[in-house]
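Have the viewer open as you read.

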Amino acid sequence: MEKAPAAPHPEYDLLRPIENPGKSFYYIVAVLLAIILYTGYVYIRQVYYGLGVTGMAQPVTWGFYIINFVFFIGISHAGTLISAILRLSKAEWRRPITRMAEVITAIVLAIGGLHPIIDLGRPDRMTHLFYNGRLQSPLLWDIVSITAYFTASTVYLYIPMIPDIAILRDRGVKPRWLYEFLSWSWQGTEQQHKVLDRAMNILMVVVIPIAVSVHTIISYIFAMTVQPGWHSTIFGPYFVVGAIFSGIAAILVLMIVFRKVFHLERYLKLIHFNYLSVLLLIMSLLWFYFTFSEYLTGFYGHEPNEMRVFMYKFSGAFAPYFWTMVTCNFLLPLILLSNRKTRTIPGILIASISVIIGMWLERLIIVVPSLANPRLPYPTGIYIPTHTEWMLFLGGVSVFILGYMMFARFFPVISVWEIQEGRHESAKTVTERISSYMPDPQPRYTGSMENE
């Protein structure tokens, strides 16, 4: 007997990519798998021949792998941190955005965390950290904070997905065993909702300091050395600001792509892009402020080694990258997002892609020029990335796209139950909240002195 089709769901647009993925999904997956397989071959070749197949050499011993590590970890701040802040501030417009942001964190953290292992050349060297690691080293703190952030972010992503997984289970979507296992017998009772809310509140509070600590500690890896261009006290907040900046840009790009591909115009409205793009503009101004402060103090000190790196970036071999970074991170977002006429979906997309490119260039400019111009009396080093490094970068991006597509294939990228909850309760909740902080009405004047 043929099974009856599932009943229409009021939010079917969010479930359609799971129930009817379409042929194009499989074509894109095939292309991405081909790239990833070739990247795997390139990596095995690096393990066999050693780091000599890369462009790294003395004195530039960190290249693409560490640049990509800092870049990917920075992007990961998009998700859990921003989602937690929006949830804590009870921003009602967050509902279609939070899960898309949280997925970025879980996937990108896993990719970024692998790059230091790739940079080691031989992956077995990672074991040295466990029996030779030193508590004084930020490298050890980094491993601990990234592991804690990945664990907290994965749990933070999974917990609010349980009601949606139960919806898929009840609709008989395949693989049913997966949804039955992950739904934890969710029935949507009042008690289950209370437990869910309590767990979310605890995770929101816990995850914010962990997220901030991750990029602060990554900055310590640079700032606690005496390399020119790195030894700075503002590197911690500078890195955190840059991470949130690039993370918001990544969210916007994904929102625009999913809105177009999955026809989610009913959920991802212009007001969502407007709010996030204003936030992106604010972060652009903040990024410029930190960048200006960082370079001004270095220039004012005029220490010879510091100035060597300074001029290498401003007018030397890295000047094209430096000024492209300033254009991408500051000028373009400022021009496009500060004007209502250009703060449209295409304008926001251009500004967001520009920021992602600019922030990758910023990581390049932080890592390579300081190593190429060390404090020791060495000639200026040369770093030219090879095919191996480019392929591993492309492979990382492909893994991210594939990971996100696979998630969207099996789970809603927008929280169904939170949208439904918003439809039923938002208006009442917001009205009560506004009433609670509006001034009390003026007491009625009766004209009697006794009442004063």
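How many of the 28 residues of α15 are buried? The count is 22 of the 28, so α15 is largely enclosed by the rest of the structure. Buried here means under 20% relative accessible area, with exposed over 50% and partly exposed in between, using a 1.4 Å probe on protein chains only.

## Ground rules

Keep in mind that this is a predicted model, where local features need pLDDT of at least 70, side-chain atom pairs count only at pLDDT 80 or more, and totals for chains, interfaces and linings use all residues. Residues are numbered from 1 along each chain as its sequence is written, and side-chain values use heavy atoms, with hydrogens and water left out.

Helices are DSSP runs (H or I, at least four residues), and strands are E runs of at least two, numbered from the N terminus.

Helix α14 (residues 319-337) packs against helix α15 (residues 345-372) at about 155 degrees, with the axes 8 Å apart. That angle makes α14 roughly antiparallel to α15. The cut-offs are under 35 degrees for roughly parallel, over 145 for roughly antiparallel, 65 to 115 for roughly perpendicular, and oblique for the rest. Axes are lines fitted to C-alpha atoms, for helices over the stretch in contact, and the angles run from 0 to 180 degrees between N-to-C directions.

The α14 and α15 crossing is left-handed, meaning that the near helix is turned anticlockwise from the far one by less than a right angle; clockwise would be right-handed. Sort the contact of α14 with α15 by class and you get 17 nonpolar, six polar and one charged residues. For that sorting, Ala, Val, Leu, Ile, Met, Phe, Trp, Tyr, Cys and Pro count as nonpolar, Asp, Glu, Lys and Arg as charged, and the others, Gly among them, as polar.

Helix α11 (residues 235-261) meets helix α5 (residues 98-119) with axes that come within 10 Å and cross at roughly 120 degrees. α5 and α11 are therefore oblique to each other, and α5 passes α11 in a right-handed crossing. M100, A101 and I104 of α5 make the contact with A250, I251, L254, M255 and F258 of α11, where contact means heavy atoms within 4.5 Å. The residues of this α5 and α11 contact are eight nonpolar, no polar and no charged.

How do α3 and α11 sit, roughly parallel or roughly perpendicular to each other? Their axes come within 7 Å and cross at roughly 65 degrees, and α3 and α11 are therefore roughly perpendicular. The crossing of α3 and α11 is right-handed. V70, G74 and I75 of α3 touch F239, A243, S246, G247 and A250 of α11.

Most residues other than glycine have a negative phi, and most peptide bonds are trans. Now for the exceptions. The Q58 to P59 peptide bond is cis, with omega near 0 degrees, and P59 lies in the loop between α2 (23-49) and α3 (64-75). The bond from K174 to P175 is also cis, omega again near 0 degrees, with P175 in the loop between α8 (162-170) and α9 (176-182).

On the phi side, W184 has a positive value near 55 degrees without being a glycine. W184 is in the loop between α9 and α10 (190-223) and counts as exposed at 65% relative accessibility. H302, not a glycine either, has a positive phi of about 55 degrees. The loop holding H302 runs between α12 (270-301) and α13 (304-314), and at 48% relative accessibility H302 counts as partly exposed.

V397 is in helix α16 (residues 387-410) and is partly exposed, with a relative accessible area of 29%. V397 and L254 are 143 residues apart in sequence and 13 Å apart in space, C-alpha to C-alpha.

S436 lies in helix α17 (residues 416-437) and is exposed, at 58% relative accessible area. Between the C-alpha atoms of S436 and I67 there are 48 Å, with 369 residues separating them along the chain.
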